[in-house]
Amino acid sequence: MTESAVLLNKHEVERYLSYEDLIPRLESVLGKFSKRDSSEIIQPVRSVVPIQQHNGFLGVMPAYLAAEGILCTKMVTFYQRAEGSSLPSTQATVLLFDPEHGHVTAIMDGEAITAKRTAAVSAISTKLFMPALSKVLCILGSGQQARSHYDVFTKLFKFKEVRVWSRRREMAHRFVNDLQGPVRVCSSVKEAVMGADVIVTATGASEPILFGEWVKSGAHVAAVGACRPDWRELDDVLMREAVVYVDSREGGTAESGDIVLSGAQVFAELGEVINGSFPAQREKTTVFKSLGMGIQDAVSAKLVLEKWNSEH
Ligand SMILES: NC(=O)C1=CN([C@@H]2O[C@H](COP(=O)(O)OP(=O)(O)OC[C@H]3O[C@@H](n4cnc5c(N)ncnc54)[C@H](O)[C@@H]3O)[C@@H](O)[C@H]2O)C=CC1
Ligand SMILES: O=C(O)C1=NCCCC1
């Protein structure tokens with residue numbers, strides 16, 4: 001008879017998951033993943049079930065990390081919501097298993113994990129690729145990812161100015177009213193991104209909203225949305241002129257409309273830069289195209305469970 005699984009809600013997951021603990025674990029697992037040693041890590045590209053009738057998708061994201069003893073899967077739904085909907089567009093649950101015996105050890109909220117680990121990975125890309133002496137951060141979007149990116153970026157980096165643009169101006173104001181620091185609300189994407197050193201795109205857009213002609217040469221773009229092969233956030237000019245990094249080459253090729261439809265070449269994975277096998281071309285305009293990976297959820301969930309265990 002196995003012990004019953006630990007159940008952790010969003011509030012608990014948020015409390016146990018700190019960026020200080022998470023970032024080094026993500027760097028380490030991204031580096032390991034890029035070595036493609038299948039005796040160490042198994043993580044297929046996620047399976048996605050379209051729910052066409054309701055403008056949604058269900059993604060299943062399993063991962064096994066042998067050395068760490070982590071067996072995990074996240075189930076995530078993502079919907080294109082009507083503007084003003086009060087429902088979150090991304091919802092998720094994470095299951096951890098005992099790899100030796102196969103039973104479930106923890107069931108936890110995956111929304112907080114998805115928000116924090118995605119922002120933490122973007123922060124890793126920004127640390128590697130942002131221009132020296134970066135002063136201006138711009139965030140496009142005002143949802144869950146915009147918020148987690150704001151939190152970690154302003155914690156880790158010293159920007160002099162933060163700008164935000166959202167499709168509906170009142171949503172941008174609501175976003176800003178919830179924050180401690182000063183943020184400038186911009187009325188167009190162009191106004192928001194002109195001269196910015198670091199740009200985060202975290203929207204539900206399916207057509208390009210960010211155009212290369214507006215992006216300062218040498219800027220870094222962390223592109224988080226457009227996770228379907230026919231969706232875009234970035235235009236062809238930006239995709240073709242920038243040095244493109246991804247979290248996983250397989251994910252980028254299968255799921256990113258920005259990569260597939262622009263015909264842009266992927267230069268390297270984040271893990272390949274972390275391992276030193278590819279350079280960080282900091283002096284060039286760079287795009288980190290994030291799709292999200294099961295291994296990122298797996299190390300995050302393990303961290304949460306470790307913290308919970310240490311208190312119980
Ligand atoms: N790369 C990754 O690992 C992950 C990516 N995502 C993706 O990131 C994006 C943001 O996710 P959340 O913050 O959870 O969503 P959210 O619903 O909380 O926020 C979405 C934001 O995009 C804006 N938006 C929606 N449609 C738009 C359009 N057509 N043009 C411009 N803005 C638009 C909304 O007004 C809102 O500000 C989504 O595309 C989601 O699928 C989400 C989780 C992980
Ligand atoms: O990695 C994830 O989790 C997601 N990626 C893209 C779509 C929403 C969830």
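Predicted model: local features only at pLDDT ≥ 70, side-chain atom pairs only at ≥ 80, totals over all residues.
How do the residues of the shell around ligand 1 divide into nonpolar, polar and charged?

Residues are numbered from 1 along each chain as its sequence is written, and chains are lettered from A and ligands numbered from 1 in the order in which they are written.

View 1. Domain 1 brings 25 residues to the contact and domain 2 brings 26; here two residues are in contact if their C-beta atoms, placed from the backbone, lie within 7 Å. On the side of domain 1 that touches domain 2, the elements giving two or more residues are α2, α3 and α11. Helices (H or I, at least four residues) and strands (E, at least two) are DSSP runs, numbered from the N terminus. The largest share of this side, eight residues, comes from α2. By class, this side of domain 1 has 12 nonpolar, eight polar and five charged residues. For these classes, Ala, Val, Leu, Ile, Met, Phe, Trp, Tyr, Cys and Pro count as nonpolar, Asp, Glu, Lys and Arg as charged, and the others, Gly among them, as polar.

**View 2. The shell around ligand 1.** Here is the reply to the opening question: the shell divides into nine nonpolar, 15 polar and one charged. In total 25 residues surround ligand 1, and the closest are Gly143, Gln145, Gly204, Gly225 and Gly292. A residue is near a molecule or strand if its C-beta atom, placed from the backbone, lies within 6 Å of it. Helices α3 (111-129) and α4 (144-156) each supply at least two residues of the shell, and α4 gives the most, with three residues. Domain 1 and domain 2 both give residues to this shell, so ligand 1 lies between them.

**View 3. The shell around ligand 2.** Look here for Gly59, Val76, Phe78, Thr90, Thr114, Cys227, Leu291 and Gly292, the residues around ligand 2. By class, this shell has four nonpolar, four polar and no charged residues. Ligand 2 lies between domain 1 and domain 2 because both give residues to its shell.

**View 4. Helix α3 against helix α4.** These two helices pack at an angle of about 45 degrees, with their axes 8 Å apart. Axes are lines fitted to C-alpha atoms, for helices over the stretch in contact, and angles run from 0 to 180 degrees between N-to-C directions. The angle makes α3 oblique to α4; angles under 35 degrees count as roughly parallel, over 145 as roughly antiparallel, 65 to 115 as roughly perpendicular and the rest as oblique. The crossing of α3 with α4 is right-handed (a crossing is left-handed if the near helix is turned anticlockwise from the far one by less than a right angle, and right-handed if clockwise). Among the contact residues are Ala119, Ala120 and Ala123 of α3 and Gln145, Ser148 and Val152 of α4. The contact of α3 with α4 has seven nonpolar, seven polar and two charged residues.

**View 5. Helix α11 with helices α2 and α3.** Helix α2 (residues 19-33) and helix α11 (residues 294-311) pack at about 140 degrees, their axes 10 Å apart, which makes α2 oblique to α11. Their crossing is right-handed. The contact includes Leu22, Leu26 and Val29 of α2 and Ile295, Val299 and Leu303 of α11. It comprises seven nonpolar, two polar and two charged residues. The axes of α3 and α11 come within 10 Å and cross at roughly 115 degrees, which makes α3 roughly perpendicular to α11. This crossing of α3 and α11 is right-handed. Here Ile113, Lys116, Arg117 and Val121 in α3 meet Gln296, Asp297, Ser300 and Ala301 in α11, a contact with three nonpolar, two polar and three charged residues.

Conventions: Domains from an automatic or database assignment.
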